Amino acid sequence: MLDEVLAGTRKQDRAALVAYLPAGFPTLDGATEAVKAAFAGGADIVEVGLPHSDPVLDGPVIQTADDIALNHNHVRIADVLRTVREAFAAYRRPVLVMTYWNPVDRYGAARFAKELAAAGGAGCILPDLPVQESAAWREAAAEHGLATVFVVAPSSRDERLAAITAAGSGFVYAASVMGVTGTRTQVGSQAADLVRRTRATTDLPVCVGLGVSNAAQAAEVAAFADGVIVGSAFVSRLLQHEGDLPAGLTAVKELAAELAAAVTR
């Protein structure tokens with residue numbers, strides 16, 4: 001389904017809108033509703049984050065959400081999988097999990113892949129898992145039909161890009177800037193060049209994330225990438241309406257609609 005959706009958006013001559021929302025935030029059930037709101041607004045794909053106590057890639061906004069999910073809502077992997085299951089059942093669009101390797105390794109890669117696939121998950125993004133150490137995960141993922149999305153960065157050399165894209169599936173996550181997630185006033189100037197260099201190594205779609213937070217930036221990225229990934233801006237909408245879930249969900253849906261319109265070239 002992930003391949004079909006990305007092929008479909010390419011056929012429509014537009015970029016895919018990929019939203020990121022963490023499980024367990026703002027509440028366990030509210031997280032599922034937030035994913036549904038993103039889909040209702042027009043997101044093509046959603047990444048469900050597995051909250052981590054020490055997220056090296058995530059900036060302060062997502063760290064705040066992760067802290068609430070872990071320390072107040074006590075989110076567990078079972079909750080993450082439930083969010084995937086219920087969101088996929090409601091919209092039948094691709095739902096991936098984005099997480100660090102340690103929780104998956106501790107849970108058991110084979111077990112996690114099996115349960116994620118059973119929940120309707122489309123794949124997994126593991127930004128800190130080196131390609132050279134990913135064989136066990138990729139074998140488990142392939143057995144259950146899950147995509148393995150790797151992250152490339154502006155600092156990645158061409159040889160490294162080729163090795164990463166050869167091992168990945170689904171799409172390639174291109175980090176527009178060096179650093180952590182978060183809204184920025186400008187998309188990194190290196191993003192277009194990174195997409196160009198990545199495409200030279202693979203036919204996989206290349207989706208750009210990190211720093212995209214508004215319609216103007218989404219339109220800018222959509223002009224050269226196959227997908228636009230937005231995370232912190234969605235989480236910020238929920239934080240701005242903390243304690244008022246309906247208002248937060250409305251804000252998520254509205255942002256998704258604005259971004260969906262912007263990624264149509």
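Trainee: Where is T9 placed?

Mentor: T9 sits in helix α1, residues 2–11, where helices (H or I, at least four residues) and strands (E, at least two) are DSSP runs numbered from the N terminus. This is a predicted model, in which local features need pLDDT of at least 70 and side-chain atom pairs count only at pLDDT 80 or more, while totals for chains, interfaces and linings use all residues. Residues are numbered from 1 along each chain as its sequence is written, and side-chain values use heavy atoms, with hydrogens and water left out.

Trainee: Is T9 buried or exposed?

Mentor: T9 counts as buried because its relative accessibility is 3%; buried means under 20% relative accessible area, exposed over 50%, and partly exposed in between, with a 1.4 Å probe and protein chains only.

Trainee: And what does T9 touch?

Mentor: Not counting residues up to four places away in sequence, T9 touches R14, A15, A16 and D44, a contact being heavy atoms within 4.5 Å.

Trainee: Switching to T148, which strand is that in?

Mentor: T148 belongs to strand β5, which covers residues 147–149, and T148 counts as buried because its relative accessibility is 4%.

Trainee: Which side chain does T148 have a polar contact with?

Mentor: The side chains of T148 and W137 are joined by a polar contact of 3.0 Å. Such a contact is a pair of N or O atoms within 3.5 Å; within protein, one must be able to donate a hydrogen and the other to accept it, and residues adjacent in sequence count only if both atoms are side-chain atoms. Leaving aside neighbours within four places in sequence, T148 is in contact with C124, W137, R138, A141, G168 and S169.

Trainee: Which residues touch the most other members of the largest nonpolar core?

Mentor: They are F112, W137, F171, V228 and F234, out of 96 residues in that core. Helix α12, residues 245–262, supplies the largest share of this core, seven residues. A nonpolar core is a set of buried Ala, Val, Leu, Ile, Met, Phe, Trp, Tyr and Cys residues joined through side-chain atoms within 4.5 Å.

Trainee: What about the protein overall, how many helices and strands does it have?

Mentor: There are 12 helices and nine strands. The radius of gyration is 17 Å, close to the 18 Å that the globule rule gives for 265 residues, so the protein is as compact as a globular protein of that length; the radius is taken over C-alpha atoms, and the rule is 2.2 Å times the number of residues to the power 0.38.
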